[in-house]
Amino acid sequence: KFTAGFEAAQFATFMIGLIGGGCFLASLVYGYFGTNANGSSFLTLPASQFEKWLCGLVITGVIYTFIFLLFFRFIDSIFISIYHNSLNIKDPFYKEKYDLVQIFPFDSFVASRTYMMFANFAGAMLVGSLYFNKAPFIKVALVLCGLCFALFLINLLVANIFFDNVEGAFPYFMVVLDFEKDRARLELDPNILEVVNI
């Protein structure tokens with residue numbers, strides 16, 4: 001029972017840490033025009049606009065990602081070693097319990113989806129923080145939530161046009177149909193799904 005929660009906690013911590021932390025940092029990295037004093041001093045820096053923009057991109061996209069992955073691996077290793085060391089070696093299910101909890105792989109399906117969402121949301125937050133001077137994190141988050149909700153509704157509308165009994169539709173991924181007592185999922189072909197992901 002505990003091991004299932006451990007894996008879910010790994011997934012949630014990785015996703016929230018990388019995406020949430022990256023988006024928050026991205027909203028702050030271009031916050032130099034939040035006040036007139038900061039904006040004036042920033043304009044006097046001896047660097048081109050491209051260099052200033054590139055610094056924010058490198059801080060958010062490269063440095064933060066590298067530091068987060070190192071920190072996550074360190075903390076994950078500590079928790080896993082504590083769990084492994086707390087197991088009773090004489091337990092008949094010791095091997096199974098030991099193998100159930102492992103280090104979170106950075107090349108798993110969840111990790112690859114998290115990297116994609118991080119690139120999309122942190123990139124949108126970088127662009128939005130250039131546009132919104134005051135409270136860019138909240139404003140861009142509201143715009144992104146509205147955009148995701150609009151895409152969901154458009155996808156649901158299109159699915160209802162083509163199919164009867166649509167129960168749900170996840171944008172660009174699948175449609176769930178309800179047939180009285182049964183449910184069916186229509187998913188994209190894997191090759192087309194890869195194109196949509198890209």
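## Strands and Their Pairing

Two strands count as paired if DSSP finds at least two bridges between them. In this predicted model, strands β2 and β3 run antiparallel and are joined by six bridges. Strand β2 covers residues 174-179, and β3 covers residues 182-187. Within this pair, Leu177 stands opposite Ala184 in β3, and Val175 stands opposite Leu186 in β3.

Strands β2 and β3 form a hairpin, with two residues between them. In the turn, Glu180 has a positive phi of about 50°. Strand β2 also pairs with β1: four bridges join these two strands, which run antiparallel. Here, Phe170 stands opposite Met174 in β2.

Is strand β3 largely in the open or largely buried? A residue counts as buried when its relative accessible area is under 20%. Of the six residues of β3, the number that are buried is zero, so the strand lies largely in the open.

## The Second Largest Pocket

The second largest pocket has a volume of about 200 Å³. Its lining consists of 13 residues. Those nearest the centre of the pocket are Asn155, Phe163, Met174, Val175 and Leu188. The elements that give two or more residues to this lining are α6, β2 and β3. Helix α6 spans residues 136-162 and supplies the largest share of the lining, namely four residues.

Which classes of residue make up the lining of this pocket? There are 11 nonpolar residues, one polar residue and one charged residue.

Asn155, named above among the residues nearest the pocket centre, is found in helix α6. Asn155 counts as buried because its relative accessibility is 17%, and the cut-off for a buried residue is under 20%. Asn155 and Arg73 are 82 residues apart in sequence, and their C-alpha atoms are 38 Å apart in space.

## Two Helices

Helix α3 comprises residues 49-86, a total of 38 residues. From its first C-alpha to its last, α3 reaches 54 Å, close to the 56 Å expected at 1.5 Å a residue. The buried residues of α3 include Gly56, Thr60, Tyr64, Phe68, Phe72, Asp76 and Ile80. An α-helix has 3.6 residues a turn, so residues three or four places apart point the same way.

Helix α5 comprises residues 109-131, with 23 residues in total. From its first C-alpha to its last, α5 reaches 33 Å, close to the 33 Å expected at 1.5 Å a residue. Among the buried residues of α5 are Val110, Thr114, Phe118, Ala122, Met125 and Ser129.

## Positive Phi Values in Loops

Ala135 lies in the loop between α5 and α6. The phi of Ala135 is near 50°, a positive value in a residue other than glycine. With a relative accessible area of 42%, Ala135 is partly exposed.

Asn165 lies in the loop between α6 and β1, the latter being the strand of residues 166-170. Although Asn165 is not a glycine, it has a positive phi of about 60°. Asn165 is partly exposed, since its relative accessible area is 48%.

Technical notes
Residues are numbered from 1 along each chain as its sequence is written. This is a predicted model: local features need pLDDT of at least 70, side-chain atom pairs count only at pLDDT 80 or more; totals for chains, interfaces and linings use all residues. Side-chain values use heavy atoms; hydrogens and water are left out. Buried means under 20% relative accessible area, exposed over 50%, partly exposed in between (1.4 Å probe, protein chains only). On a 1 Å grid over the protein atoms alone, a cavity is a set of points where a 1.4 Å probe fits but cannot get out, and a pocket is an open set with protein on both sides within 12 Å along at least five of seven lines; lining residues have an atom within 4 Å of a point. Grid points are joined across faces, edges and corners, and a volume is the space filled by probe spheres set on the points. Ala, Val, Leu, Ile, Met, Phe, Trp, Tyr, Cys and Pro count as nonpolar, Asp, Glu, Lys and Arg as charged, and the others, Gly among them, as polar. The expected span of a helix is 1.5 Å times one less than its number of residues.
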